[in-house]
Structure formats: C-alpha cells, structure tokens
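Here are my notes on this one for you. Have the picture open while you go through the points.

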Amino acid sequence: MVGPDEWPGPPDPWDRGGRTDSGRFDIEVLAAGPDLAAVRLTGPKDLYAGIRFVREIRLYPRTTTVDLVSTMENVVDRPVRWGICR
C-alpha cells in the first residue's frame with residue numbers, strides 16, 4: 001500500500017485522470033534538414049499523477065549520435081514531487 005505522497009503507478013487509473021502510460025502524444029517537428037532531424041513529443045496531462053512528459057528526440061545524419069531529452073512538467077494546482085529515473 002502506498003501513501004498519499006507516493007506515486008502508485010504505473011499504470012495510472014484512467015477513471016481517475018491517469019494518462020501518463022495510455023494517452024495520446026502530440027508531435028511537433030523541430031528540424032528536418034540535412035544536418036539534424038528532431039521532434040518533440042508532448043504527452044497528455046495526467047491529472048491523477050499531476051504531470052505530463054515532454055520528450056525531444058534529435059538524430060544526426062551520418063553519425064551514431066542520438067539525443068533524448070525527457071522533461072516532466074507539473075500540470076496541476078498542487079505540489080507534486082516525482083522524479084525521472086533511468
């Protein structure tokens with residue numbers, strides 16, 4: 001059993017606003033040129049956990065380099081204290 005300050009997911013319950021693991025992401029093309037391909041994926045607001053994820057993916061042609069940037073945003077009017085683990 002988890003306490004009120006602990007995230008019980010994943011998965012977050014859909015019927016209580018949970019969308020982190022099962023919602024639709026919006027995509028924005030940031031770059032589509034000969035030197036860089038990049039997109040931003042913005043996740044749905046998860047009102048249960050109070051967050052949403054924004055992820056950027058950058059690909060560099062003719063290299064083995066890929067940049068992945070993951071950001072967690074607070075989307076509710078209460079403090080949330082979650083962290084990104086890898």
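**Notes on the fold**

1. The protein chain has 0 helices and 4 strands, and from the N terminus on its elements run β-β-β-β. Helices (H or I, at least four residues) and strands (E, at least two) are DSSP runs, numbered from the N terminus.

2. A quick word on where this comes from: it is a predicted model, where local features need pLDDT of at least 70, side-chain atom pairs count only at pLDDT 80 or more, and totals for chains, interfaces and linings use all residues. Residues are numbered from 1 along each chain as its sequence is written, and side-chain values use heavy atoms, with hydrogens and water left out.

3. The 4 strands make an open sheet in the order S1-S2-S3-S4, with antiparallel pairing (two strands pair if DSSP finds at least two bridges between them). S1 (26-32) and S4 are the edge strands, each pairing on one side only.

4. Start with S1 and S2 (residues 37-42): they pair in the antiparallel sense over 6 bridges. Look for Ile27, whose bridge partner in S2 is Leu41.

5. Now go to S3 (residues 51-59) and S4 (residues 66-74), which run antiparallel and are joined by 9 bridges. Glu56 stands opposite Val69 in S4. S3 and S4 form a hairpin with 6 residues between them, and Arg62 in the turn has a positive phi of about 60°.

6. How much of the protein chain is buried? Buried residues (under 20% relative accessible area, 1.4 Å probe, protein chains only) make up 17% of the 86 residues.

How values were computed: Buried means under 20% relative accessible area, exposed over 50%, partly exposed in between (1.4 Å probe, protein chains only).
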